[in-house]
Amino acid sequence: MKTFAELDFPGRLIAVEGLDGSGKSTQIYLLKRWLELQGLKVYFSEWNSSELVKAATSKGKKRELLTPTTFSLIHATDFADRYERHLVPLLRAGYIVLCDRYIFTAFARDVVRGCPPEWVRGLYNFAALPDLTFFFKSDLEVSLKRILDGRAQLKYFEAGMDLRLSPDPYESFRIFQGRILEQYLAMSTESNFLVIDANQLVEQQQAVVRELVTQRLRLAEFRRAERPPSKPPAEACKKSKEEASIP
Amino acid sequence: MKTAVKNQIVVPHKTERRFYGHGIPGVDLEQLAGKLIVVEGADGSGRSTQIAKLVGWLEGTGHATVQVGLKRSTLVSEELEQAQQGNILSRTTLSLFYATDFADQLENMILPALKAGFIVLADRYIYTLMARDLVRGMDEAWLKNLYGVALEPDAVFYLNVPPEELVQRTFAKNAALDYWESGMDLGLSRDLFDSFMKYQITMQKTFRHLQTTYGFTIVDGLRSADAINADLQKKISAVLAGK
């Protein structure tokens, strides 16, 4: 598997990974704002957010219809939809694409749910690797506290209740997240994770993230064109009309 | 004496089971006492007619049956239909969506029914899904891994009907060719009829290719429905008897 840079895409993909409550979503949001304020071409994509697939996923989750296999497949479907429809075209157009969770989330979660690792990796082998992957490494207790403080109740699949680890959702969540952390740590080196200490303050983490992005990407290359693109599209439109009229 | 023979019910012979690949986690194959029979073939090849006849025959001979097919899962069938109508999903996505639908039915219908000792009649299985994707340029190794979740059936019958005949049967029933069954998304031809013929020929070639791997039985679908069914009954009887 190759990164987008290795595949000669003009765009670059930055992914964040980590446990629920590791603060990765906050960090990628701040990164996005920083890049946007510099006038760069940025696109943000979130795990499990493709419109059509989402309807099926939430139905499956609400009615507890999902098994480890269908859980894995439906998330792969969601990923493929975003990948083929948004990520690849935008990367072809020279965008910096920011992903809140990428294939490693599936590798960690699905394997904890009991899916064979080679099968899960095979499902996702159509996807290129991120150019940068930030892994927000927090102590399990810190993540748990963040999640539990923010929410009164844990969701069924989020707590890994389908795995029957414990009848108590909080205990189940603890065990489940602990196992996911193990999976992440196991692939950290081979997947070139840039490990960020997520026990630090928000600002401290963001400073490290911005520093690494500046070092690794030539940000000036992703600047939005200044010229107002009013003329070319009008011509293009006319041309396509002419083409369409050819019998 | 004659009635006694007629009432003799054959208890299906137990055979060794396996998944094509990694399979479904946590399934005890030993417990799957039922039989899985798959009928494959293009639209208009007579699959549903044959399955209806088989159900009658099997129930008459004392076997409980369950029918499954593609795009019938509780989980995603509605969304899948919607996506297809709009033609909005790209290839890998559609492929994974179909696989989700398949896996949902496998786990929630097929495996429980087999565990309960039913004879499961599947109107199409992974082969159609794989053939459709292969024709559209998807990677075969990727598909094999994906559908490694599938249970190997006890018998697979492919109803072989040439495209010229399929087109006649389709017109007799609907007077219209289906967009997807004509492979219009492939851009083989702007002419629907032309595209249908080309697409069906390509699909048949692909099935023949898959046959070399999965070894299903090719059945001549040009005979009368009863003649075909008699043939299938004979073959299924042999499967039940463990031959």
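Of the contacts in chain A with a separation of 6 or more, 78% join residues 24 or more positions apart; here two residues are in contact if their C-beta atoms, placed from the backbone, lie within 7 Å. The structure is a predicted model, in which local features need pLDDT of at least 70 and side-chain atom pairs count only at pLDDT 80 or more, while totals for chains, interfaces and linings use all residues. Residues are numbered from 1 along each chain as its sequence is written, and chains are lettered from A and ligands numbered from 1 in the order in which they are written.

Chain A contains nine helices and five strands, taken as DSSP runs (helices: H or I, at least four residues; strands: E, at least two) and numbered from the N terminus. Followed along the sequence, the pattern is β-α-β-α-α-β-α-α-β-α-α-β-α-α. The C-alpha trace of chain A spans about 65 × 50 × 35 Å along its principal axes. Of the 247 residues in chain A, 40% are buried; a residue is buried if 20 or more other C-beta atoms lie within 10 Å of its own, exposed if 12 or fewer, and partly exposed in between, with C-beta atoms placed from the backbone.

Chain A averages 89, and 91% of its residues score at least 70. Confidence is highest in strand β3 (residues 96–100) of chain A, at 98, and lowest in helix α9 (residues 231–245) of chain A, at a mean of 45. Over residues 233–247 of chain A the pLDDT falls below 50, and this stretch has zero contacts in the model beyond near neighbours in sequence.

Glu141(A) sits in helix α6 (residues 140–150) of chain A and counts as exposed because 10 other C-beta atoms lie within 10 Å.

Turning to chain B, five strands form an open sheet in the order β2-β3-β1-β4-β5, with parallel pairing; two strands pair if DSSP finds at least two bridges between them. The edge strands, β2 (65–69) and β5 (217–220) of chain B, each pair on one side only. Neighbouring strands of this sheet are turned by 25° against each other on average, direction ignored. Strand β1 (residues 35–40) and strand β3 (residues 119–123) of chain B pair in the parallel sense over five bridges, and Leu36(B) has Val120(B) in β3(B) as its bridge partner.

Helix α4 (residues 91–115) of chain B lies across β1, β2 and β3 of chain B and runs at about 160° to β2(B). Such angles run from 0 to 180 degrees between N-to-C directions, and axes are lines fitted to C-alpha atoms, for helices over the stretch in contact. The largest nonpolar core has 117 residues, among which Leu106(B), Ile110(B) and Val120(B) touch the most other members; a nonpolar core is a set of buried Ala, Val, Leu, Ile, Met, Phe, Trp, Tyr and Cys residues joined through C-beta atoms within 7 Å. The helix α4(B) gives the most to this core, with twelve residues. Not counting residues up to four places away in sequence, Ile110(B) touches Leu36(B), Val68(B), Gln105(B), Val120(B) and Leu151(B).

The contact between the chains takes 26 residues from chain B and 26 residues from chain A. On the side of chain B that touches chain A, α4(B) gives the most, with nine residues.

Key. pLDDT is the predictor's confidence in each residue, from 0 to 100.
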